[in-house]
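Grab a pencil and open the viewer.

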Amino acid sequence: MVPELGQVALVLALILAVVQSVAPLWGSYTGNRVLMSLAKPAVTGQLVFAAVAFGALTYAFVTHDFSVAFVAGHSNSELPMFYRFGAVWGGHEGSLLLWILVLAIWSVLVAVFSRQMPERFVARVLGVLGVVAVGFLSFTLFTSNPFDRLIPAPVDGQDLNPILQDPALMFHPPLLYIGYVGFAVAFAFAIAALLEGRIDAAWARWTRPWTTAAWLFLTLGISLGSWWAYYELGWGGWWFWDPVENASFLPWLVGTALIHSLAVTEKRGLFKSWTLLLAISAFSLSLLGTFLVRSGILVSVHAFAADPSRGMYILAFMGIVVTVALALYAWRAPSMASDAGFKPLSRETFLLANNILLVIATLLILLGTLYPLFMDALNLGKISVGPPYFDLAFMIPMFPLMLLIGIGLHTMWRQTPSTPVWRKLRIPALAALVIGIPMPLFFYGTAGALTVLGSILAFWVMITAVIDLLPRVGPARLTRSHIGMCVAHFGLGVLILGVTFVSSYDLEVDRAGIPGQPVDLAGYEFTLLGTRGVQGPNFDAIEAEIEVSRDGEFVTTLYPQKRVYRVQRDPITQTAIGGGWRRELLVSMGEPLGDGAWSLRIQYKPLVRYIWLGTIFMALGGVIAISDRRYRLARRRETEPATTGSAPAAAGGQG
Amino acid sequence: MWRYLAAPALFIVLLGFFLVGLFRDPTLVPSPLINQPAPQFELPQLLDPERTLALSDLATGEPVLLNVWATWCVGCRQEHGMLVDISRSGEIPIFGLNWKDDRTAALRWLERLGDPYVAVAVDDDGRVAIDWGVYGSPETFLLDGQGIIRYKHIGPIDQAVWEREFRPRIAQLRQGDS
Amino acid sequence: MSMRGILMALMLLGLLLSAAPGWSAPHTPLTVEALSPLEDPAQRARYERLIREIRCLVCQNEPIADSNAPLARDLRREIRERIEGGSTDREILDFLTARYGDFVLYRPPFTPRTWLLWFAPILLLLGGGWVFWRVLRSRADKPLDDDEAWSEDPEPAEDTPR
């Protein structure tokens, strides 16, 4: 019964999404306030029914209702309770339901926090979000219904993919989707502005916190995914430039550019059409990612043959939404040019450089990801584009960007006299050189040019980011958004530090671990003491005990496992990690070699933790920036003209 | 105005590529060995390890198939019946390459399921398979009478594959020969 | 699992389970000898770099360095023996592409077909630089005051360096 309830709820959600998209958009043109006012109840109802559908699927997992095909395919009677919740999004259909739920939550939040925005504008924003919801709800219902029944019902399920049976499953997909889908809000704001035919400072001020919020969740989602892949897969890699990773990285890069471009638009009224294009692009790339991942066009085995309708459906949906958005942009944007100017040494200049370099990075990754597809479509043969290309191509725009960040932070709007900037930055520059150059040499003996450059830039970015927080150096009165910016940029410096050191000095060996015979790596000795069988709730494992010592002194004991889950028999390697801020030591088990010996992969990863620490700072910076009272103040300010919706900008003049 | 149209124009081109891409299988890797002379090999035979099978044995002047198989391979089990049928019909001689397999298991397999092969070479360490560009089994090569590789099929052969991919090519090769 | 990342594993899971790939990978035991390192450090470095740049065909999206598939193992052995036998990197890559095509190379070869790919970074940097210069030049001559219509910031920026 419950699955049918979920099914019905999904249909009702779709109906309400149709109302939510058609009524307010129609009303916004005819000036029909009744139609426009339907948006908020419709979106609230949509959330309720999406939540009911989601709850119904969760219930089916929790109660082991294997008559539901999706549950049978992604769960098992032995699956621990904890993972039964995560298993809801452990596959295609259920993860779409999560997407829908997240979109509904974002939409309701927009409806709740938009009381001070003009009525017509809100109607249009919710209408556009409704269109997106219609697309995903009908995609789910017509091609990927999570509530489809199996008749007869199987006795037991095929189990959740063992790789996914990890606590990170609970957090990574939701965070990622909150980020992905959050860009739909910025997209809807942009489309609403294009429908209005104009944007103003208030628009930029409304859009900024929503964009930052989406961005910070996406940052955390990608970061958690990277960490998960790092410890779960046991390859020691934290980024693989895989098409699926790129699919999440592309909207992140454009979202980052959008945050910076929005700053210029808010403060100066410049880059207006550019900001709109970025807002459209960030969400379009989220859709593109969905298409690439779920159509099987790039990576999957036989996915298209399995169900051709899915790829076609997303392609059609993406094609319509993005083409209409870009056409609207081409029609309306040209009239939005601004007459304001700025001098070559000004904050605008540096934010422009930031945007250009981030867009170059985006285009390069997009090109690398899609190049094999282009070649194949043109019958020019099959090629692979992998890490050697992406590493190189990504570095090219990133080095100048890192250099410019440090200067740009300390320039002023419109024009900046060069002397005070130089005075403020000469000590940080010196410090970056003095710390950055010797650090790799001191700790590791040798260093290539790229390593030294990366090390200098890491300290340069970190130091220039935090000096404004010092008393007497920074501004007398710090706003939250300024502090947030400093923290986020500091995090970027930390991230670069980790990336530079781990890619320059990581070590890895595949060796036979023979009991009692130590294996050397980076000054550490790894000794296999023995193995024993262990039993998990739904798997059997062999666990190795490996003692790590350095110069004869005990460091730690690691317990990697080789697991065989009882349903899906593929052996899974559970890496053991000896943590530390200076380095992490990873050991994963390969295969038995006889006489108690095992093939072991042992890895040494210096400063690797700083990669994820950096992203946490970046997200934290986003949180601080959103809490700036400017955004709440601005809302209060827009109250007066909110009824007409014609000239929200006039409000600014009263301040 | 025109530069604002660049974005939608570019996107529509991209859509075109995606549409084409949807109808391609990204996992199929075409062999560069097509229309090249088959790589030389000389390996012990499965039924009689004292004797060897070499490329020269396959160049009979007539088209032949070389089927890469193993007992651990699920697809091989699927297509085996089809291979036996083809062999019975006498349409074309089939040679086998037993890839990284256990000899006893392979012998039992042929005994139980029938032996469609004229002869089976044993590639224990996988070197010949690498020379032939094999990356998964089953794979089936079609050689012409001169020992040139004309076609390679990746994955199990069933009736549809046989009629669509192999028959016309074999007929064409025979025509070309006469 | 032959999939590349957790992300992919998660997102493709449903699709993969419903699909029934026709082939599978062989299982052959590993030996202690195969895991002894190359003696010469220069050769070892070459080996470790090469196996990261060769794509595992069975797995579709990981380098042979990370794959436990027997074919990846065979290819690692092949590369190792060729390095010990004195082959150059070029010869080893040619050996592999002659059998498996350019698909095995994670670093696409530089040919007319990949010119666009390899020149893209420099082309985009030049194009970006041109746009940057043009915007700077056109904006430098415009008034520094804001548009009339543009509202004032509710809270003045605190970006004055001291």
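The exercises below go through a sheet, a chain contact and a pair of domains.

A quick note on conventions: this is a predicted model, where local features need pLDDT of at least 70, side-chain atom pairs count only at pLDDT 80 or more, and totals for chains, interfaces and linings use all residues. Residues are numbered from 1 along each chain as its sequence is written, while chains are lettered from A and ligands numbered from 1 in the order in which they are written.

**Exercise 1.** Work out the strand order of the open sheet in chain A and find its edges.

*Solution.* Start with the order: four strands run E1-E10-E9-E8, with antiparallel pairing. (Strands are DSSP E runs of at least two residues and helices H or I runs of at least four, numbered from the N terminus; two strands pair if DSSP finds at least two bridges between them.) Next, the edges: E1 (507–513) and E8 (576–578) of chain A each have a single partner strand, so one side of each lacks a neighbour in the sheet. Finally, zoom in on E9 (583–594) and E10 (597–606) of chain A, joined by 9 bridges; A:Leu586 sits opposite A:Gln603 in E10(A).

**Exercise 2.** Describe the side of chain C that touches chain B.

*Solution.* First, count: chain C gives 19 residues and chain B 24, with contact meaning C-beta atoms, placed from the backbone, within 7 Å. Then look for helices: H3 (70–84) and H4 (89–100) of chain C each supply at least two residues of that side, and H3(C) has the largest share, 5 residues.

**Exercise 3.** Locate the domains of chain C.

*Solution.* Domain 1 spans 33–107 and domain 2 spans 110–139, with bounds from an automatic or database domain assignment. Then take the centres over C-alpha atoms: in chain C, 34 Å separate those of domain 1 and domain 2.

Terms used: Two residues are in contact if their C-beta atoms, placed from the backbone, lie within 7 Å.
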